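Please look through the model shown here before reading on.

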Amino acid sequence: MSVKDLDRRSFLTKATVGTLGMATVLVACSSEKTKKSEDIVPDLLEQAPDGKVLKAGLVGCGGRGTGAVINFLDAGPNLQIVALGDVFQDKIDNCREQLKKERGVEIADENCFLGFDAYQKVIDSGVDLVLLCTPPHFRPVHVEAAINARKHVFMEKPCAVDPVGARSVLASSKKAEALGLSMVSGTIRRVQKDYMTTALKVKNGDIGEIVGANIIRNGGALWHRRRQPEWTDMEFMLRNWVNHCWLSGDHIAEQFIHEIDVMNWFLGENPKKAIGYGGRQRRLTGDLYDFFSIEYEYENGMRTHCASRQINGCTNGKVERIVGTKGIAIASGHILDTQGNEVWSYPKWEEGVTDPKWKVTNPFVQEHINLVTAIRTGKAVNDAEAQVNSTITAIMGRIAAYTGKEVTWDEVMNSDLYLGPKTYAFGPEAEINSEVPLAGEANKLS
């Protein structure tokens, strides 16, 4: 049975009893209950403090990886990018060109590494930290190697595409904590002042007791590249990684994780089970769904609804609505009463607010400011467990939709589900099943 068949047809037979009991990461807030919540604004640095030169290496030189190294360089003084790694030479070349053009940075030929083992060569090149921005399938192995080499880590989202990978990242994060290493994730909302301030107000009871949430992200189809005659199966999939489940985790994990992470953050707990559905109508390549609709249920019976769609020509938008007994929070910076009237909104810098305490720094830079600050001050930060929780939540929803079955947190956390090949080479990939899942098909428990 292929790994994709396991995900879509036999997942429930592979889940064992028990749970890792992963702790939920709660938003930090003031312990002074008498302090007015509107006065609590997170104090974030706009630039990391100066210090000795920090050398970083990038693994995964595509668009997000190239953006990440530029964001890193913008985070403070004495920061250098000194090594690049990718499986495609053109990706390395494009990244080098953009770094030279936009920041005047040149990467030496001997520090540009090509191949599936390039990540290890970057790690071993004398860097202090690594930026891991490959397709998510590779993240667990790359994180493990970096922590074993005692390197600080920035890892893009999601941190895995399957439970095996998620557990690996969790184990690596625990080792990083023991070693005093910092890990920062690419779930950017948690470093935005508008989201952080709203989360603090919710934590302080401004909307009362949370009773549910409505989380939606609708957008157009993502990119895909036409297959070239000289491309092997592996090259075709890697160059179209956002269209293949084993590489991306499907868009519920690869993209919608931002909104799922906001939900987990504001609720302060993980769902205990999920049921849902999804489908495919318009995609022309890959094996992903066009849409998902998932209901998550929590220990106290509370339910939330999450939906995501990627289809061109439809009405698009994003909803992050947390519902309480006293009102509603719009996670990006609004509090409504029970009648829908706005009673508070985050002051917008772009609308003329000049008090610097309200300024929201570019979150893609802020996450690197936080990482560099942690390294230079010796006060380690590690948000990996929160991203593991959100990744597992997304995977649970995906499996529920693929199989048509109710899926529990414990089943996912104890599953031996692994997506993708165990070894990598450019050639035909017979062990990867690219069939589109059909809910209810061959979903036998024996």
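A residue is called buried at under 20% relative accessible area, exposed at over 50% and partly exposed in between, with a 1.4 Å probe and protein chains only. This is a predicted model, in which local features need pLDDT of at least 70 and side-chain atom pairs count only at pLDDT 80 or more, while totals for chains, interfaces and linings use all residues. Residues are numbered from 1 along each chain as its sequence is written, and side-chain values use heavy atoms, with hydrogens and water left out.

The chain has 446 residues, of which 56% are buried. Its accessible surface is about 18,600 Å², and carbon and sulfur atoms account for 49% of that; such areas come from the Shrake-Rupley method with a 1.4 Å probe, and for residues only the protein chains shown count as cover. The secondary structure comprises 15 helices and 15 strands. A contact means heavy atoms within 4.5 Å. Of the contacts between residues at least 6 apart in sequence, 75% join residues at least 24 apart.

Strands of a sheet pair through backbone hydrogen bonds, either parallel or antiparallel. Here two strands count as paired if DSSP finds at least two bridges between them. An open sheet of 9 strands runs in the order β14-β13-β12-β11-β7-β10-β9-β8-β15, and its pairing is mixed. At its edges are β14 (342-345) and β15 (407-408), each of which pairs on one side only. Within this sheet, β11 (residues 317-324) and β12 (residues 327-330) are antiparallel and joined by 3 bridges, with Ile322 opposite Ala329 of β12.

Helix α12 (residues 257-267) lies across β7 (210-219), β9 (291-297), β10 (303-310) and β11, at about 165 degrees to β7. Axes are lines fitted to C-alpha atoms, for helices over the stretch in contact, and angles run from 0 to 180 degrees between N-to-C directions. Helix α8 (residues 193-203) has 10 of its 11 residues buried, so it is largely enclosed by the rest of the structure. Its buried residues are covered by elements including β7, α12 and β14. After α8 comes Gly205, with a positive phi near 95 degrees.

Elsewhere, strand β1 (residues 54-59) has 5 of its 6 residues buried. β1 pairs in the parallel sense with β2 (residues 79-86) over 6 bridges, and Ala56 has Ile81 as its bridge partner in β2.

Helices α3 (residues 63-73) and α13 (residues 363-377) pack with their axes 8 Å apart, at an angle of about 55 degrees. They are therefore oblique to each other, since angles under 35 degrees count as roughly parallel, over 145 as roughly antiparallel, 65 to 115 as roughly perpendicular and the rest as oblique. Residues making the contact include Arg64 and Phe72 of α3 and Phe364 and Val372 of α13.

Between β5 (152-155) and α7 (163-179) lies Pro158, and the peptide bond from Lys157 to Pro158 is cis, with omega near -20 degrees. Arg150, in the loop between α6 (139-148) and β5, is not a glycine but has a positive phi of about 60 degrees. Arg150 is exposed, at 53% relative accessible area. Asp250, in the loop between α10 (245-248) and α11 (251-254), also is not a glycine and has a positive phi of about 70 degrees, but Asp250 is buried, at 0% relative accessibility.

Notes. Helix = DSSP H or I, 4+ residues; strand = E, 2+ residues; numbered from the N terminus.
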